Amino acid sequence: MRTAAPALPKIEIRTLLISGGAGCLVGVLPLVLGAAQPAHLVIAAASAICGGVVTRALQRPARSAPAEGASPSRHEADAAAWGVPPAIAREPVEAAQDEPRDDTQARAQAAAQDLADLEPLFSVTREQLRSIVGQTEGAAAAIMASLEALNTAQTRSAGCLTGARERIVGVAEQSDAALHTLARSLGTYLDGRLRETRAERSAVDAAAAQMQGLDNLIVSLEKVGASTRMLALNANIEASRAGIHGAGFKVIARELQDLAQASQAAMAEARTQVSNVQQTIGQVLTVEHGAEGTLSEQQRLQALMTELDSIAQTTTQVLLGMVRSDLTEVASLTSAVGTEVLSVFGQVQFQDVVRQQIEAIEESNAMLQLCLDGLQRSLNGQEPEAPMRPAAILETARLHYVTQIQRHVDAQALGRVTAHTDVPDIELF
Amino acid sequence: MHKVMIVDDSPTILASMSGILGSAGYSVVKAANAEDALGQVKAGLSPALVITDYHMPGMHGVQLIEALRKLTQTRFTPMLVLTTESQQEKRDEARKAGATGWLVKPVQADKLLEVVKQVAPSLQAIAA
């Protein structure tokens with residue numbers, strides 16, 4: 001539902017006075033002063049016409065608020081739905097059928113007012129763009145702070161990792177060397193003991209063999225002693241048979257018998273001594289038998305040390321392998337994190353690129369505002385302060401482009417084909 | 001001590017460049033505009049490398065390079081322009097002013113470090 005257009009007021013006396021007064025003042029004043037020229041008459045006529053234009057301007061219908069209780073128009077309803085203030089959501093001026101010239105002026109005035117009402121929109125847009133720049137700067141600063149922290153942590157982590165790696169390698173090498181040295185020392189000691197034991201065993205075996213020979217000799221001597229005793233007994237018997245002639249021989253036989261008895265006693269003593277020595281050798285052999293057990297223990301101990309040495313070597317190899325593989329991989333990953341952090345440090349620069357693009361839009365916005373201001377002044381019958389054509393705005397906006405992307409988007413939006421210039425991002429002169 | 005001077009009105013770029021160069025072991029000094037940078041050099045700072053933005057409030061980057069080239073301690077210092085600007089005319093202008101090279105934002109960290117090593121090899125000695 002539309003509201004009826006208000007009736008145009010009739011020409012007021014004061015407006016006629018203004019137009020007539022202006023014309024007369026310009027045209028008549030030179031006549032009074034006696035310096036009338038044809039040009040003054042032309043000026044007087046033009047002034048009268050201007051007076052008429054001013055009069056028309058003053059006849060512009062006032063914007064009337066809808067009557068209280070009247071239903072809002074569709075335009076107002078739409079505006080209300082979008083949250084547009086009533087001053088901006090003004091009803092378009094209805095065309096008057098009876099006075100087309102006045103209607104055109106009224107439309108021009110309304111359009112000028114619309115343009116005037118657009119001014120807050122430009123301010124809001126400008127502030128919105130600045131707010132976006134501020135937000136991206138804030139976000140970039142937060143990202144940079146996080147990156148700094150991440151970078152510091154990564155650097156410390158890499159340092160700790162290197163230290164741990166060196167320490168593990170050092171401990172592994174020291175442990176390996178110590179165990180190896182220990183095993184070698186014990187092995188040398190056990191080898192020496194083994195050699196000594198074997199030498200002792202050989203000596204005892206030789207002594208035992210010699211004692212056995214001695215024992216055999218004693219047995220032989222005992223047989224000789226027994227034969228001698230029998231010979232002495234027989235000699236004594238034969239000497240007794242010979243009577244007085246065998247007296248001397250009987251003395252020899254007796255002496256021979258005493259000798260055999262003494263020899264038998266010595267043999268018995270020798271046997272006792274040999275037996276004692278053999279017992280001692282037997283005890284030594286028993287000890288040696290125990291020593292054989294010790295020898296076996298020594299061999300097992302040596303084998304154990306060899307095994308320990310092998311374990312130490314294996315442990316060292318595993319540790320070194322871990323250092324080379326796992327820790328190297330962790331170090332590699334840490335390094336990769338550092339590289340990524342560096343990469344993000346570079347990528348954050350997009351914020352500055354976006355900021356400059358937004359600033360270019362802001363400048364275009366300001367120029368558009370100037371242009372509309374000029375239009376508004378023209379519609380109001382005033383001379384624009386700084387006339388600006390839309391083409392000039394676009395051209396000036398282009399001058400503010402700094403990135404290749406801006407130029408590309410501009411050309412794409414206008415359907416232009418631009419020569420692709422492949423300018424390198426990095427150029428050393 | 002040899003330092004890399006970063007000149008940019010964007011705090012993001014200053015932080016980004018400091019992060020990249022600092023991680024690589026370089027010592028960085030920052031300036032928020034060309035006048036600040038010029039003042040630091042006139043006060044005695046002798047940077048081993050200058051990396052400057054082009055578009056800044058006040059003097060722009062190429063004007064800064066021209067001014068620094070007139071000072072004794074920065075007459076032969078390598079100077080790079082790091083900018084969003086992509087016009088060839090601006091590059092030519094920078095070259096004539098004595099710039100060593102031209103980098104377009106955003107620049108990748110590894111590429112930046114390569115360029116730094118290339119144009120300022122003496123800085124490698126203090127790099128970690």
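Two strands pair if DSSP finds at least two bridges between them. Keep that rule in mind for this predicted model.

Start with strand β1 of chain B, residues 4-7. Strand β3 of chain B, residues 49-52, runs parallel to β1(B), and four bridges join the two.

Now look at helix α1(B). This helix packs on the sheet and touches β1, β2 and β3 of chain B. Its direction makes about 170° with that of β2(B). G22(B) lies in this helix, which spans residues 11-23 of chain B. G22(B) has 16, so it is partly exposed. The C-alpha atoms of G22(B) and V4(B) are separated by 9.8 Å, though the two residues are 18 apart along the chain.

Step back to the whole sheet. Six strands form it, in the order β1(A)-β5(B)-β4(B)-β3(B)-β1(B)-β2(B). The sheet is open and its pairing is mixed. From one strand to the next, the twist averages 15°.

Helix α2 of chain B comes next, at residues 34-42. Here A34(B), A37(B) and V41(B) are buried. They sit on the same side of α2(B), because they cover an arc of only 65° around the axis. Their cover includes β1, β2 and α3 (61-69) of chain B. Just after α2(B), G44(B) takes a positive phi of about 125°.

Methods. Residues are numbered from 1 along each chain as its sequence is written. Chains are lettered from A and ligands numbered from 1 in the order in which they are written. This is a predicted model: local features need pLDDT of at least 70, side-chain atom pairs count only at pLDDT 80 or more; totals for chains, interfaces and linings use all residues. A residue is buried if 20 or more other C-beta atoms lie within 10 Å of its own, exposed if 12 or fewer, and partly exposed in between; C-beta atoms are placed from the backbone. Axes are lines fitted to C-alpha atoms, for helices over the stretch in contact, and angles run from 0 to 180 degrees between N-to-C directions. Two residues are in contact if their C-beta atoms, placed from the backbone, lie within 7 Å. The arc is that of the directions from the helix axis to the C-beta atoms.
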